[in-house]
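Subject: Structure for you to look at, with notes

Dear colleague,

I am passing on the structure we spoke about, and my notes on it follow below. Please read them with the model open beside you.

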Amino acid sequence: MSVETMSDESLARYYENVRQQVEADRVHKPRLTGSSTVRQYADRLRDEMIRRRLQHSPITCPPEPD
């Protein structure tokens with residue numbers, strides 16, 4: 001799915017969903033969202049939110065496991 005082609009509303013909902021999943025994962029084990037792939041995708045979503053000047057809360061990914 002290309003985030004560039006999403007509507008603003010869809011992008012904002014999708015971003016918030018990912019942010020909530022990452023936040024929930026910070027509390028629970030095993031970590032499902034700690035991979036570099038998830039981090040890259042979260043960064044891509046954040047960049048698109050910034051580009052469109054949409055308000056958003058940050059996605060704070062947990063550190064990668066050792």
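Which residues make up the largest nonpolar core? By a nonpolar core I mean a set of buried Ala, Val, Leu, Ile, Met, Phe, Trp, Tyr and Cys residues joined through side-chain atoms within 4.5 Å, where buried stands for under 20% relative accessible area, exposed for over 50%, and partly exposed for what falls in between (1.4 Å probe, protein chains only). The core has 12 residues in all, namely Val3, Met6, Leu11, Tyr15, Val18, Val22, Ala42, Leu45, Met49, Leu54, Ile59 and Cys61. Helices H1 and H2 each supply at least two of its residues, and the largest share, four residues, comes from H1.

Before going further, please note that this is a predicted model, in which local features need pLDDT of at least 70 and side-chain atom pairs count only at pLDDT 80 or more, whereas totals for chains, interfaces and linings use all residues. Residues are numbered from 1 along each chain as its sequence is written, and side-chain values use heavy atoms, with hydrogens and water left out.

The helix pair comes next. Helices here are DSSP runs (H or I, at least four residues), and strands would be E runs of at least two, numbered from the N terminus. The axes of H1 (residues 8–27) and H2 (residues 36–51) come within 10 Å and cross at roughly 145 degrees, with axes being lines fitted to C-alpha atoms over the stretch in contact and angles running from 0 to 180 degrees between N-to-C directions. On the H1 side the contact (heavy atoms within 4.5 Å) is made by Leu11, Ala12, Tyr14, Tyr15, Val18 and Val22, and on the H2 side by Val38, Tyr41, Leu45, Arg46, Glu48 and Met49. Leu45, which also belongs to the core, touches Val3, Leu11, Tyr14, Tyr15 and Val18 when residues up to four places away in sequence are not counted.

Val3, in the segment before H1, counts as buried at 0% relative accessibility. Leaving out residues up to four places away, Val3 touches Leu11, Tyr41, Arg44, Leu45, Glu48 and Arg52; its C-alpha atom is separated by 9.9 Å from that of Tyr41, 38 residues apart along the chain. Glu48, in helix H2, also counts as buried, at 5% relative accessibility, and touches Val3, Glu4 and Leu11 under that sequence cut-off of four places.

Arg52 is buried, with a relative accessible area of 16%, and a polar atom of its side chain lies 2.8 Å from the backbone oxygen of Met6. Setting aside neighbours within four places in sequence, Arg52 is in contact with Val3, Glu4, Thr5, Met6, Ser7, Asp8 and Leu11. Arg53, by contrast, is exposed, with a relative accessible area of 78%, and has a positive phi of about 60 degrees although it is not a glycine. Most residues other than glycine have a negative phi. Arg53 and Asp8, 45 residues apart in sequence, are 9.8 Å apart in space, C-alpha to C-alpha.

With best wishes

Notes
Polar contact = N/O pair within 3.5 Å; in protein donor to acceptor, adjacent residues only side chain to side chain.
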